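The sequence and the structure are shown first.

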Amino acid sequence: MAEEFALLLDALGTIPDVRNRKGRRHPLPGVLGLVVLGVMANCRSLSAISRYAQIHPDILPPLGLIRTPSVPTLSRVLAGIDPAVVRGALLGFTRTLLARRAQVPAVVALDGKSLRGVHEHEAPAYVLHVFAHEASIVLDQVLVPSVRDEVAAADQWISTLATQFPGLAVLTADALDADQDLCATIVAQDYAYLPRLKKPGYPPRRHPIPLRQRGPAAGCPPGEPRAWPPGAAGNSGLRRPQRLQPAARSGPGG
């Protein structure tokens, strides 16, 4: 665990420090590492992170910190960092960690979540989580304006960043992501998808194309995905359930 956290500090060290050289008392990777530890310890504010460091002073030396950064220092440091740069550094850390563990994120889940206690423009922050099942690690988080923009964010992630994780083959999602354009993007990138419908009695939004799996089929050109026919085992979740008719009652003595 200590070695993996050292990898995280190395990744955070790639983030440019825009502070003036004069007056720097705390290294940037150490401050960001402290914030990461505080969030993992369920700290919901900068003051809580500062108190966490004061209660656990043993975490400061591994971070390269001599003393606990004050709340104004934490605020200034975080305000001067570009979130896109931090996201890129964390993506690099994730790829390095997967390579070190010799893990391949073959199955990845796309799921949108509201961040508890976090607000953007006076509204609860909503992010798209990209989670690898077998590796048990979040590959990426994408900030989206609202739940209605989750499908567009998932489409963009698959089109631009999915190739950074070799071995990815299957993407799972809930009914919200059962969108025809998103499914077409997944198939175009040569992935398989499995939307889970919470209410099978209702058709998915915009009627996605049939469930597909990788590999050519008879009568299909090489490289084309194979579509399971309606009624097959793999496509049973997309069928509308049939209403059972009550049996006719026989008359008296019948």
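## Surface and overall composition

The accessible surface of the protein comes to about 15,600 Å², and carbon and sulfur atoms contribute 56% of that area. The model is a predicted one. Of its 254 residues, 35% count as buried.

The secondary structure consists of eight helices and seven strands. Among contacts with a separation of 6 or more, 55% are between residues 24 or more positions apart.

## Packing of H2 against H5

Helix H2 spans residues 28-40 and helix H5 spans residues 71-79; their axes come within 11 Å and cross at roughly 105°. Because angles of 65 to 115 degrees count as roughly perpendicular, H2 and H5 are therefore assigned to that class.

On the H2 side, the contact is made by Leu28, Val31, Leu32 and Val35, while H5 contributes Leu74, Val77 and Leu78. By class, the contact of H2 with H5 has seven nonpolar residues, with no polar and no charged ones. In general, an α-helix has 3.6 residues a turn, so residues three or four places apart point the same way.

## Helix H8 and its ends

Helix H8 covers residues 180-188, and its buried residues are Leu182, Cys183, Thr185, Ile186 and Val187.

At the start of H8, a side-chain oxygen of Asp179 lies within 3.0 Å of the backbone nitrogen of Asp181. Just after the helix, Asp190 adopts a positive phi of about 65°.

Notes: Residues numbered from 1 in each chain as written. Predicted model: local features only at pLDDT ≥ 70, side-chain atom pairs only at ≥ 80, totals over all residues. Heavy atoms only, no water. Helix = DSSP H or I, 4+ residues; strand = E, 2+ residues; numbered from the N terminus. Buried < 20%, exposed > 50% of the residue type's maximum accessible area, 1.4 Å probe, protein only. Contact = heavy atoms within 4.5 Å. Areas by Shrake-Rupley, 256 points an atom, 1.4 Å probe, with all protein chains shown as cover. Axes fitted to C-alpha atoms, helices over the stretch in contact; angles between N-to-C directions. Parallel < 35°, antiparallel > 145°, perpendicular 65-115°, else oblique. Nonpolar A, V, L, I, M, F, W, Y, C, P; charged D, E, K, R; others polar. Polar contact = N/O pair within 3.5 Å; in protein donor to acceptor, adjacent residues only side chain to side chain.
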